[in-house]
Amino acid sequence: MTDLDRNLAAVHERIAAATARAGRAPGSVELIAVTKTFPAEVVRAAWEAGQSLFGENRVQEAAAKIPDLPGGARWHLIGHLQKNKVRRALPLFELLHSIDSRDLAEAVDRIAAEEGLFPRVLLEVNVAGEASKFGFAPDALERELDALLALPRLQIEGLMTIAPFADDPELARPHFRALRALRDRLAARTGLPFGTLSMGMSGDFEIAVEEGATLVRVGSAIFGSR
Ligand SMILES: *Cc1c(COP(=O)(O)O)cnc(C)c1O
C-alpha cells in the first residue's frame, strides 16, 4: 500500500462516517480527487487505486493531463472559467462547477449551442460575500435564476461553494448550511430539484457532508500539500 492508497482509503472512510452521522444514505456523496498541480503519473496512480472522478481548476492544465489517463476517467472543472476557454473546456468536462456569473452562463450557453452540446453545470455561490472569491451573491442568484433557467443549453444541476479559509472546520458549517438553504428555496420556487451540492475540501469535507454535500472536492488530503 502506498501513501496515496492509504490517503484515499482514509478519505473514503471519513466520508462514509460523516454520511452515517448525518443519517444519509450510504454512497450519497461522491469524492472528486482534485489533481491540480499534480502530474499525470500521480493521477494515474489514483486511477489505479480505484479513483475515477477527478477535478481540475484550469482548462489548460486539464487538457494536458486528460489524454494521459484511461478514457473511463471523468473530469470536473472546479475553478473559474474564462470566457475565452469555454469552447476548449466543453468537451473535456462532464460537469462545470463554476458558472459564477450571468455573463459566463450566457457565453457557455451560446458556445454550447454552436457545438451542439448541453453542458451539465453548477452555479457557484459566494455565500460569505468574500471580495476575493468568484460566484453569485445569494440574493443576486435568487433574482437572476429565471434568466439562467431560460438558457436552453445549460443543464443546471445544483450549486457549488467554497467556504472561507479557516483553521477550524466548524466555521465552515454555517456557509454550507446557507448554501443548502438557498438550494431549498430555489427548488421550492421552481419545482426543480437542484440535487447536486458541491461543497467541502480537505479541511472541511466532513462538515460539508453533514450539511448535505453530494460532491466533495478533495486534493491535499489525498495527494499531499501542493
Ligand atoms: C484546490 C481546490 C480544491 C481542493 O483543495 P484541498 O484543500 O487541496 O482539498 C477544492 N475546490 C476548489 C475549487 C479548488 O480550487
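1. Lining of the second largest pocket. In this predicted model, the residues lining the second largest pocket are H12, I15, A16, T19, A20, R24, P26, G27, S28, V29, E30 and L31. The space inside comes to about 200 Å³.

2. Elements behind that lining. Helix α1 (3-21) and strand β1 (30-34) each supply at least two residues to the second largest pocket. The biggest share comes from α1, with five residues.

3. Six residues of the second largest pocket are nonpolar, four are polar and two are charged.

4. The largest pocket. Its volume is about 670 Å³. Of its 29 lining residues, K36, I162, A163, M201 and R217 are the closest to the centre. The lining of the largest pocket divides into 12 nonpolar, eight polar and nine charged residues. Anyone looking at this pocket could begin with the five central residues, K36, I162, A163, M201 and R217.

5. A112 and its setting. A112 is part of helix α5, which covers residues 102-115. Is A112 buried or exposed? A112 counts as buried, because its relative accessibility is 0% and the cut-off for buried is under 20%.

6. Contacts of A112. Leaving aside residues up to four places away in sequence, A112 touches L90, L117, P119 and R153. E94 lies 18 residues from A112 along the chain, and the C-alpha atoms of A112 and E94 are separated by 13 Å.

How values were computed:
Residues are numbered from 1 along each chain as its sequence is written. This is a predicted model: local features need pLDDT of at least 70, side-chain atom pairs count only at pLDDT 80 or more; totals for chains, interfaces and linings use all residues. Side-chain values use heavy atoms; hydrogens and water are left out. Helices (H or I, at least four residues) and strands (E, at least two) are DSSP runs, numbered from the N terminus. Buried means under 20% relative accessible area, exposed over 50%, partly exposed in between (1.4 Å probe, protein chains only). Contact means heavy atoms within 4.5 Å. On a 1 Å grid over the protein atoms alone, a cavity is a set of points where a 1.4 Å probe fits but cannot get out, and a pocket is an open set with protein on both sides within 12 Å along at least five of seven lines; lining residues have an atom within 4 Å of a point. Grid points are joined across faces, edges and corners, and a volume is the space filled by probe spheres set on the points. Ala, Val, Leu, Ile, Met, Phe, Trp, Tyr, Cys and Pro count as nonpolar, Asp, Glu, Lys and Arg as charged, and the others, Gly among them, as polar.
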